[in-house]
Amino acid sequence: SNLWYLFSHSVDKAWKELSNILSGIFCASLNFIDSTNTVTPTASFKPLGLANGTDHNLLRYAVLPREVVCTENLTPWKKLLPCGSKAGLAVLLKAERLFHSSYHSQAVHIRPICRDASCLAVSWELRQTLTVVFDTFSSGQGKKDWSLFKMFSRTLTDACPLASQSKVYVDISPKNKEKELLEVTPPPASVHEAIVQGDRRTYAVYDLLSPSLFNTSRSLNVQLKWKRPQDSSELPTPVLHAQRYVSGYGLQTGEISTLIYNTHPYRAFPVILLETVPWYLRLYVHTLTIITKGKENKPSYIHYQPAQDRRRPHLLEMLIQLPANSVTKITIQFERALLKWTEYPPDPNHGFYVSSSVLSALVPSVIAMKDMDVEQSPLFTSLFPSLDGSSYFVRLYTEPLLVNLPTPDFSMPYNVICLTCTVVAVCYGSFYNLLTRTFHVEEPSRGGLAKRLANVIRKFRGVPPL
Amino acid sequence: MAAPLVLVVLVAVTVRAVLYRSTLAAFISERVEVASPLNAWKRVVEGLALLDLGVSPYSGAIFHETPLIIYLFHFLIEYAELVFMFKKQKLLIELDKYAPDVAELIRTPMEMHYIPLKVALFYLLNPYTVMSCVAKSTCAINNTVIAFFILATIKGSAFLSAVFLALATYQSLYPLTLFAPALLYLLQRQFIPIKLKSKSFWLYTMQYAALYLCSLVVIICLSFFLLNSWDFIPSVYGFILSVPDLTPNIGLFWYFFAEMFEHFSLFFVCVFQINVFFYTIPLAIKLKEHPVFFMFVQIAIISIFKSYPTVGDIALYMAFLPVWNHLYRFLRNIFILSCVLIVCSLLFPVLWHLWIYAGSANSNFYYAITLTFNIGQILLISDYFYAFLRREYYLTHGLHLTRQDGTEAMLVLK
């Protein structure tokens, strides 16, 4: 889970309060956010909506890579919706189907916007997004057909009475300009064309508020069927994608490598990479290498803030130029620290998570996009923002990493204290003896108790004494 | 005397040059026994890289060297290998001045003549020193400064001795304890008796202390002007004293504090640090007539009990052992102790590999070898101390002791 916010004043106290309050609202463990996983990025995050002057010192970003999303987080998220999960589109969001998926992500975005066109007053806009990836191919007997009932085991019956707009968009973009490849039932009332992320796409629109939708049947079950059996056509790769992995062997050192792919055929563009590495993986920035197409690629902006043990993580932000049709490999070496035995999580050999790195870029689009009207299609302008018609903004998150650290033996604290203090005491004892005692010629001893006892027994036996 | 010395130096330089160029150099510089968080070369390079990026090297937890090292290596980073090779050639020329009165135990001028050569041999060809040099650990710079300090003290120059001692203390905090033996030696040289009421004693002590403190203050102020901040003080001295980094090394601190209950952490840090410093006064009282041996024991105690020891520190006091090879006949456990030290040195990399790379051992194995190695060192030093005291007894009471009834006597420590 990650959280970022731009404050206006007294940041650190407000950050703690904010993360605790949000943790309570969303039943997420956001209260574990503290200075060891919070950073202040300088370039990667810009506030959305209206903002006066951005001092990046007032921005905080934190990631908790070990936290996963579960039903407990979905319920309060649904409660924020005006109709809850009782009416409208949210009736589909039942936990047992939503978490039966390959990928699940939910987010809450808040930003200040103008209340009307004259912008005399500012309102807060709350935007909630839920992203779920269902793999119907593997569960649907090898066919890519899907329907709302198959995915969510229920159908839409009405719109939320409090909603001013309630729409379902289904992407029916034809591939390779062939029509009639797929069929959507019930037939859509209208079709919307938009250019989204540099691609021309066609959407079938179902407006839940229009009275004609529920005329024929009481419920709406959108179904999509593929007319021809699918050949293994590849999905188009996005223009910008990345992956990250840890290499190296043993528990002493390692290397983090990030691969960034630019598949645009002829345009190069810059990307900002933000890496947050916990303090117990000690990064060595002099080993940072960026290689593109076999040659070194120097970043035009680097901001590096080294970690302080047990206080703050590493922050590395770079602006890297990606040439067209290339792969860029960024590697940095690290050393693994030995922690105190109380600092290990309950399953220490599971490893420690390193949070995803964030790539932010303005990707140039192949097709020119025209500015879309905010009023008409609020969905697209907020989901796929574009500043001008030629590029769109993308923020990518790479995979989190799992790294093992060397562990001490957790059963040994008492033994270690005893043994080490014994060694120190050996030194102290030897030196004490040598410093406080002097050499003397040995006097013959008159015999200890044992000798006297032995002499008494000998006298009884009639044998000469010792 | 010069020819064998030159030969030894040439051999040592050749060995180091060969190792620099081989693949072993990378392997050795990664060894935790040779490079600690305080003196690893990788961290010096990292600190300089941070300086190039415009970030203070002390803002992170990687760089713990003093600013003078930054000054030194900023320009010499290309020639780092040469710097380390020639720092290691520091020769320790000790002039012993014993004139005892028992014939058998007197050291002949012949023996004494060869001592500097033996010391140089012990130091330059010691595998510990070679590894420390190939790893480019800044321990070499530490050792050089301490060696210069000893040279200046033996030669009798109070000013140079104070300056080098200040440099050594500035670099790593512990040589502060060498103030006492140096003072005792210089007093002895000036024939000033050590009586607490004597005015000349206090006068000389004050002079020496003033020289030392002034040099220290000057050096610290110079360091301030490098980066215009006092950040280096918590980063260097705070780090040495509070031991936050628990990277395994050959010392006793790391595992102890890795397994310490949080509540007692501060208490035990204080106990361990006091342990290094508090042998000074008792040793000064017992060994006030023998400041050179006092210096040796003090350096050994620092090397064993400092917070981040490495084999380079051990090599420094081991280099002095030939100076006292006349004590050989009184050493009790030298054979077993040498075996312990050699076997432990060989086992260190094995058990490290088993823990970190093979995963078949755990940290206890490496910790056990650490314990054994430190016990070996402690017993070695106390054995030499015992032998020294015993020889002193024989010097004053004669070599053949008889009891009251004429039979051969035994000597015991009571």
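Student: Which exposed residues sit on the face of α1(A) turned away from its buried side?
Tutor: In this predicted model, the face of α1(A) that is turned away from its buried side carries A:K13, A:I21 and A:G24 as exposed residues.

Student: And which residues of α1(A) are buried?
Tutor: The buried ones in α1(A) are A:V11, A:A14, A:W15, A:S19, A:L22, A:S23 and A:F26, and because they cover an arc of only 165 degrees around the axis, they lie on the same side of α1(A).

Student: What covers them?
Tutor: The cover over the buried residues of α1(A) includes the strands β1 (2-6), β2 (38-39), β3 (59-63) and β4 (103-114) of chain A, together with the helix α2 (71-79) of that chain.

Student: How many residues does α1 of chain A have, and what comes after it?
Tutor: Helix α1 of chain A, residues 11-26, has 16 residues and reaches 22 Å from its first C-alpha to its last, close to the 22 Å expected at 1.5 Å a residue; A:C27 follows, with a positive phi near 50 degrees.

Student: Switching to the interface, how much area do chain B and chain A bury between them?
Tutor: Chain B and chain A bury about 5,800 Å² between them, with 68% of it on carbon and sulfur atoms, and B:K42, B:E259 and B:L413 supply 11% of the area that chain B buries against chain A, more than any other three residues.

Student: How many salt bridges are there between the two chains?
Tutor: The count between chain B and chain A is two, and one of the pairs in a salt bridge is B:R43 with A:E335, whose closest N and O atoms are 3.4 Å apart.

Terms used
Residues numbered from 1 in each chain as written. Chains lettered and ligands numbered in written order. Predicted model: local features only at pLDDT ≥ 70, side-chain atom pairs only at ≥ 80, totals over all residues. Heavy atoms only, no water. Helix = DSSP H or I, 4+ residues; strand = E, 2+ residues; numbered from the N terminus. Expected span 1.5 Å × (residues − 1). Buried < 20%, exposed > 50% of the residue type's maximum accessible area, 1.4 Å probe, protein only. Arc of directions from axis to C-beta. Contact = heavy atoms within 4.5 Å. Buried area = accessible area lost by both parts, 1.4 Å probe. Salt bridge = Lys/Arg side-chain N within 4 Å of Asp/Glu carboxyl O.
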